[in-house]
Each structure stands twice: as structure tokens, then as C-alpha cells.
Amino acid sequence: MNDLRIVNLSTYTSPVISEKTNQDFVSYGEDNNYFQYLIDRYNGSPTNNAIINGVSEMIYGRGLDATNSNKKPEQYAQMISLFHKDCVRKLCFDLKLMGACAMQVIYSKDRSKVAQVEHMPVETLRAEKCNDKGEIEAYYYHPDWANYKRNDVLTRIPVFGTSKENIGIIYVKPYRAGYKYYSSVDYQGGLQYAELEEEISNYHLNNIMNGLAPSMLINFNNGTPNPEERQMIEQRIYQKFSGSSNAGKFILAFNDNSESAASIEPVQLSEAHQQYQFLSDESSKKIMVAHRVVSPMLLGIKDNTGLGNNADELKTASILMDNMVIRPFQTLLIDAFDSILAYNTISLNLYFKTLQPLEFTDLENVEDEETKEEETGVKLNKQCNCIALSKDLEKAIDNVADELINSADEDLTGWIIIDESDVDYDAEEELDKQINNLNNPKEELSTIQKIVNLVSTGKANPNAKSQQDKKIDDVYYKVRYRYVGSKTPERAFCKKMMSADKLYRKEDIIRMGNIPVNKGFGIDGADTYSIWLYKGSVNCKHKWRRVTFKSESKTIDTKSPLAPKISTNKAEKEGYRVRNPKEVAMMPNDMKDGGAYPKN
């Protein structure tokens, strides 16, 4: 009778947490190195790697902020100095990958406040056994627990707020049933599939490296060994030839004679490619389920399901992902940050600025301004009275923008664009000294005209001479300006200007500052402000771009690819130089306080 035995190539995914009488710390994993197991699954599985990277980036978003930063600037400055970006980014990554993260809190000399917060690699820490009250009082540090020896000296670091030492540890972990010292990762159920995905890739790689030779079944035909010998043979074969990394390898047998030689038969797997494809697809799907990925497209993963590939589905998926997956991680971190800030008597409403597109944010039922800022991550202007516009005013703004757009169609036939670039500026040049008498209204105005002040300025006249036009050695130079920036504008004026894509003189733009084209967006809710400097006002994502022309003959066709072009530097060498205030080339969103103080 043949003796058939199964060799179980098992692995473990659930960590073993053990308290041993001969050590003060609590082991995490059978070999006290479970964190390394998680790191290996991160490095080995492409799906797991992509999801952890994507989710950790979503948790961090665009960094920490506070809705009441304007009211408490000194406290906000202290918060920024404590939680620097690199530290917070690492904490977000550890929390997702390891299921926990740790901060090293350093007190001032007199312990009156927290002076510094640093990221502590969580894999270097092991919890001390609980005290009689069931509390963890400290963590032990070792740089490499895989190589820990009993005679190694461990560094004991007390938990923040439990001792009078100058350093403490804050260990951030979510609650998990059955866990006291550590916390399992939120994707615990997908670790076997992450390992399977890794092994499939190893198998295929090694199969190719071994010339696609098949795996072998070894039959020993010289009798059944005793149990000790069978166990020894199984051990040696397992150690040498088991696992995906030995795919396609063979065994060379040395025998006393040909009659006792082992027979070797190749095992051909039917429809192997389909089975491997199924395992690969199944692994990827189960890993995404474990991570609660609503739509793989949100993380840059393209699958064949078609789920979440259109705008509406992506918006719904993004909102669900943000609320169900990302926010719980952020809340854990913010609670830990608040405990540190409270020690320094700092009270801020912290939040992470989201990476979620603004149009994906649902603000339908949000009324207070701080919640809007927290949801969108857009810093609000506390001083500008940005009220909703009436229908008449919206219509009037549209009319003004249309007038400006239509009148900006300057005939530039014969003019050559020599450069299109951001506006250069001269810090010493005073703003608009040359144009102080443009607004001189005399006519009686209608109701709508009183709102937008159309007649007082008249139409823009780009065909007129500009004070920035110059003639140098019988060569003519002109500068016009184009409204550029975000291709998804929100304000009516910006929408009209972007859709037109026309050119304007400096004088035309200055005149726009005398018309309330963006009513209520000036300082303290003023109707007018400098469009030349502040474009669409507070947090606007548009700016003026300079377009330079050169003309020697009116017959030159500017649309011709043969039309000669020169650079701005060359034009300046020829004597043509134009400088403007630096704000002209800046988006208000990039200015201090979002350009919160637009003035004429």
C-alpha cells in the first residue's frame, strides 16, 4: 500500500501577541516581527502597494489646517511648527500600512509645554506589559527587532503624560476587538490574497528564468522508509524545492544502480494560464474589498468592471471613500494632535485639507462657513462680504463681460507674436500712475447701468494706442494681456473671460476696475476693486499673461507658420522693455491671505 502524505505550505496572517515571563515587552507576531510581514506584503503585492500609497496620500491630502486660524494666528503658528509636513505625512503612511503610528513628544526644559514632535517608526516599538489597572505605561525601542538578543539593551520610553521624563510616546491605534497592546490593520482579511498575488508573480518569474521547464513529481521506488526517514526526506524537499520561487526546478538523484533509480514524471497543469489569470484577478479584487476601495479609479487602478468610470459614479465613489475610509483615519490623528496642543493650551479646530475635487464636495446642507472650509479645504476670506448675486446683477455682469469680450477683437493683422509669458514686473513702479482720469461719468444712468456703471467708462477700445506701445528704430512693439488660469471657473465674470480667450490693453483692464463687474468682492464688500491686480478677487485662480507683438509691415500674416518670432530677451536687447506690478502675474489664490484685500 502506498503511503501518501500532504505537505502543507501554510503561512500566517493573523498576528500572535504574547506576554512572556522572561521579558518586559509584549511580542507582536510569532517571531516578534509582524510589522516586517506587513512591509513585505506591501513591497510584494502591486495591488496592495498601490492602494496603501493612494489611501495614505488621501489621508494627508494637502496637509493640516484649522478653520479658526485667522482668529488665533499665534496658536496656529505654534501648531504648524509642532506638526511639520514631513512628520504628519509619515504618520499617515504608518497608520495605513501598519495599523498604528507613533509620535515622539519632547517637552521643554521646564516641562511647561511641548517643544517638539517627531515621527517614530512604529515597527521599532513594542508595548510594555500593562500595569495593574490595565494601562500601558511605556514602549520599548529597538532599531531591529528581527535581530534582537536577550542581552541587548532596550530603550524604555514612557507614554505621553504618564511620567516626569523629558520625552514621551503617543501611540495612535484604532480600537480592534480582541486587541489590547496592538491593533490589526484595516485590511487584515486581504493579507492572504496579497501574499497570493506576490507568489503568483514569483512563480511566473522563476518559471521564465528556468526556461519554462515544468515542475516535477518525484516517486521513490525503493521501498517505504520508516517515519523518521520520511519526515527527514519531506523536510529536505520542503526546504529546497517548495514555494513559488522554485517553479520549474528539478532534482538530480544519485542511486546505487539503475534498478533503484527514482522515476521522475513531469506534471502538466491543464489550462494553467486560465487558472493563473483567475487567481490573479481574484487576488486583486479581494485586496480591494479588504481595503474598502469604492472605486479603483480613485487610486489610479484601472480594472475591467467599468465601475466608477464616469463622472457621476466617480463623484459618488469619491464621497463614499472620503467619508467611510479616509475620515476615520484623519479623526484618529487629529484626536492625538489635539491632546498635544491641549498641553500647550492651544485650541484649534483642526482638519486635513482634502484632495477631493471641489465639485465632488456636497455642501447642500452645510450652512456655517467653518464647516464649508473643513469640507472643501478652501481657506475662507473673513473680511470680504462675498454675498450671492441677484439675477439682475448676474445678467448685468454677463452684459459687461460680453461688451469687454466683443470689443477686444483687435485687428492685429501684420503683427507677429514674439512672446507669450507671465507678466514681468518692476517693484519700483507705482500702480497705474498714468491712468487716473479714465473715469469721468457725465450721463444719467439707467438702473442696470447704475449697478455696473457701463456708460461712465464706455466700451473697451483695444484698437486705441496704449502707453505701453513703443516704436524703436522703425519697428513697432505692442503688449496685450490674456486672462488665463483655472479652466473650471466658478464666478460669472471669470467664466466669461475664460470662454472668450481674447486680448486686452492695460488701459482696458484698468477701466474694468471702475466697473462693479464682481459686485461685493472688494474689501469690506466693496463693489469695485482692481481687476488689474486681483482679477476675480479673493482666492481667484486666474491671472494676466503678457502677449508681445512686433511689426515691421502691415502685410505680415500673423497666422502664417513662416512669420518670424523672437524671444522677450531679444526684444529687450532691441530696447523694448515693459514692467508691471508683481501682482498682475499672480493668482490671488497664491497671494498672502488669498489676495484678501483687493483695492483700487
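A residue counts as buried under 20% relative accessible area, as exposed over 50%, and as partly exposed in between. Keep that scale in mind as we walk through this structure, which is a predicted model.

Let's begin with helix α4, which spans residues 85-98 and holds both Asp-86 and Lys-90. Asp-86 has a relative accessibility of 41%, so it belongs to the partly exposed group. Lys-90, with a relative accessible area of 39%, is partly exposed too. The side chains of Asp-86 and Lys-90 join in a salt bridge, at 3.1 Å from N to O. Why can two such positions in a helix meet? An α-helix has 3.6 residues a turn, so residues three or four places apart point the same way. Asp-86 and Lys-90 are 4 residues apart, about one turn of the helix.

How many salt bridges does the whole structure hold? A search finds 12. One of them links Asp-65 with Lys-353, where the closest N and O atoms are 3.9 Å apart. Asp-65 is in strand β3 (residues 64-66), while Lys-353 is in the loop between β12 (350-352) and α9 (369-376), so this pair ties together parts that are 288 residues apart in sequence. Asp-65 is buried, at 5% relative accessibility, and Lys-353 is buried as well, at 18%.

Now for a sheet. Three strands form an open sheet in the order β5-β4-β9, and their pairing is antiparallel. Strands β5 (114-120) and β9 (167-172) stand at the edges with a single partner strand each, so one side of each has no neighbour in the sheet. From one strand to the next, the twist averages 25 degrees. Strand β4 (residues 101-107) pairs with β9 over 6 bridges. If you look along this pairing, you will find Gln-104 with its bridge partner Ile-169 in β9.

Our last stop is helix α13, residues 492-500. Its buried residues are Ala-492, Phe-493, Cys-494, Met-497, Met-498 and Ala-500. Just after α13 comes Asp-501, which takes a positive phi of about 55 degrees.

Definitions and conventions. Residues numbered from 1 in each chain as written. Predicted model: local features only at pLDDT ≥ 70, side-chain atom pairs only at ≥ 80, totals over all residues. Heavy atoms only, no water. Buried < 20%, exposed > 50% of the residue type's maximum accessible area, 1.4 Å probe, protein only. Helix = DSSP H or I, 4+ residues; strand = E, 2+ residues; numbered from the N terminus. Pairing = 2+ DSSP bridges. Axes fitted to C-alpha atoms, helices over the stretch in contact; angles between N-to-C directions. Salt bridge = Lys/Arg side-chain N within 4 Å of Asp/Glu carboxyl O.
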